Amino acid sequence: MKRLSALLLFFVALIAAAPAVSAQFRYAPIVGVTYTDLKFKQDIFPVSSLVGGQAGIQAELMFPGIGFGMDFGLIYNMIGAKCDIGTREIWSSEGYRNSDVRLHTLDIPFHLRFKWTRMNGFEDYLAPFVYGGPDFTLSVGHSKIKGNPGASKVFNYPTGELGLSCGGGFEVLRRWQVSVQYTWGMTYIIKTSQLENISARNRQWAVRVAYMF
């Protein structure tokens, strides 16, 4: 927690210092296609990945000449996996079958970023970049898993989670940004209600496109 607080203070200080060093601020709508999975602490039933999506607003703060900066934003994200809970008697006896478990979240990323900008003018056409940092996630909804009337809940859902993302891509014509990102859930996003200490963390690939203004 102390490291997380120090990281947040660093980002706040970076934003506050930006006007003094003539940082360039831009923003963009962003959309993406995701390939998500849930990594349980134990193999209690088969789990397979699902395709989802994301959309939102991303802002970029870059320091010209050195290529370093940061990005942050607010992004709706649909994550989850196919969980074959019907293979376990504890749930099949209550009428549960294999289900797509989807969670709807709002992600607030804070990433450090580096963009190659010294390529003798070629960066005006194509500029590679990399980034990485924490994602703070708020859960806003989830799919309903149907069982018999009065059946016990299968999962409990926390109010949010902390993730760590890294990615890279290309900026085309100083406007379009195309990137590939991988996210590790650092805290659990879902937990079984009847089995103690069985929880899962999010794992996600995303292909994203943004148009910078």
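# Exercises on a predicted model

**Exercise 1. Identify the residues that touch the most other members of the largest nonpolar core, and the elements that contribute to this core.**

Step 1. The largest nonpolar core has 19 residues, and those touching the most other members are Leu38, Phe40, Phe45, Ile85, Phe155 and Ile190. The model is a predicted one.

Step 2. Two or more residues of this core come from each of strand 1 (24–40), strand 3 (68–83) and strand 4 (99–115).

Step 3. Strand 3 is the greatest contributor, giving three residues.

Step 4. As background, nonpolar side chains tend to be buried together in soluble globular proteins.

**Exercise 2. List the contacts of Phe155, leaving aside its neighbours within four places in sequence. Then name members of the second core.**

Step 1. With those neighbours left aside, Phe155 is in contact with Phe40, Phe45, Val101 and Ile145, among others.

Step 2. A separate, second core has five residues, among them Ala28, Ile30, Ile75 and Met212.

**Exercise 3. How many disulfides does the structure hold, and are Cys83 and Cys166 buried or partly exposed?**

Step 1. The number of disulfides is zero.

Step 2. A residue under 20% relative accessible area is buried. Cys83 has 0% relative accessibility, so Cys83 is buried.

Step 3. Cys166 has a relative accessible area of 34% and is therefore partly exposed.

**Exercise 4. Describe how strand 8 pairs with strand 7 and with strand 10.**

Step 1. Strand 7 covers residues 160–172 and strand 8 covers residues 176–185; the two pair in the antiparallel sense over ten bridges.

Step 2. Within this part of the model, Cys166 has Tyr182 of strand 8 opposite.

Step 3. Three residues lie between the strands in the hairpin of strand 7 and strand 8, where Leu173 takes a positive phi near 55 degrees.

Step 4. Strand 8 also pairs with strand 10 (residues 199–211), in the antiparallel sense and over nine bridges. Trp176 stands opposite Tyr211 in strand 10.

**Exercise 5. Trace the salt bridges of Glu60 and Arg113, and state which residues the network links.**

Step 1. The structure holds eight salt bridges. One of them joins Arg26 to Glu60, with the closest N and O atoms 3.0 Å apart.

Step 2. Arg26 belongs to strand 1 and Glu60 to strand 2 (residues 47–62), so this pair ties together parts that are 34 residues apart in sequence. Arg26 and Glu60 are both buried.

Step 3. Glu60 also meets Arg113 in a salt bridge, at 3.1 Å from N to O. With Glu60 in strand 2 and Arg113 in strand 4, this pair links distant parts of the chain, 53 residues apart. Both Glu60 and Arg113 are buried.

Step 4. Arg113 in turn forms a salt bridge with Asp71, at 3.0 Å from N to O. Asp71 lies in strand 3 and Arg113 in strand 4, 42 residues apart. Asp71 is buried, as is Arg113.

Step 5. The network of salt bridges links Arg26, Glu60, Asp71, Arg113, Lys115 and Glu171.

How values were computed. Residues are numbered from 1 along each chain as its sequence is written. This is a predicted model: local features need pLDDT of at least 70, side-chain atom pairs count only at pLDDT 80 or more; totals for chains, interfaces and linings use all residues. Side-chain values use heavy atoms; hydrogens and water are left out. A nonpolar core is a set of buried Ala, Val, Leu, Ile, Met, Phe, Trp, Tyr and Cys residues joined through side-chain atoms within 4.5 Å. Buried means under 20% relative accessible area, exposed over 50%, partly exposed in between (1.4 Å probe, protein chains only). Helices (H or I, at least four residues) and strands (E, at least two) are DSSP runs, numbered from the N terminus. Contact means heavy atoms within 4.5 Å. A disulfide is a pair of cysteine sulfur atoms within 2.5 Å. Two strands pair if DSSP finds at least two bridges between them. A salt bridge is a side-chain nitrogen of Lys or Arg within 4 Å of a carboxyl oxygen of Asp or Glu.
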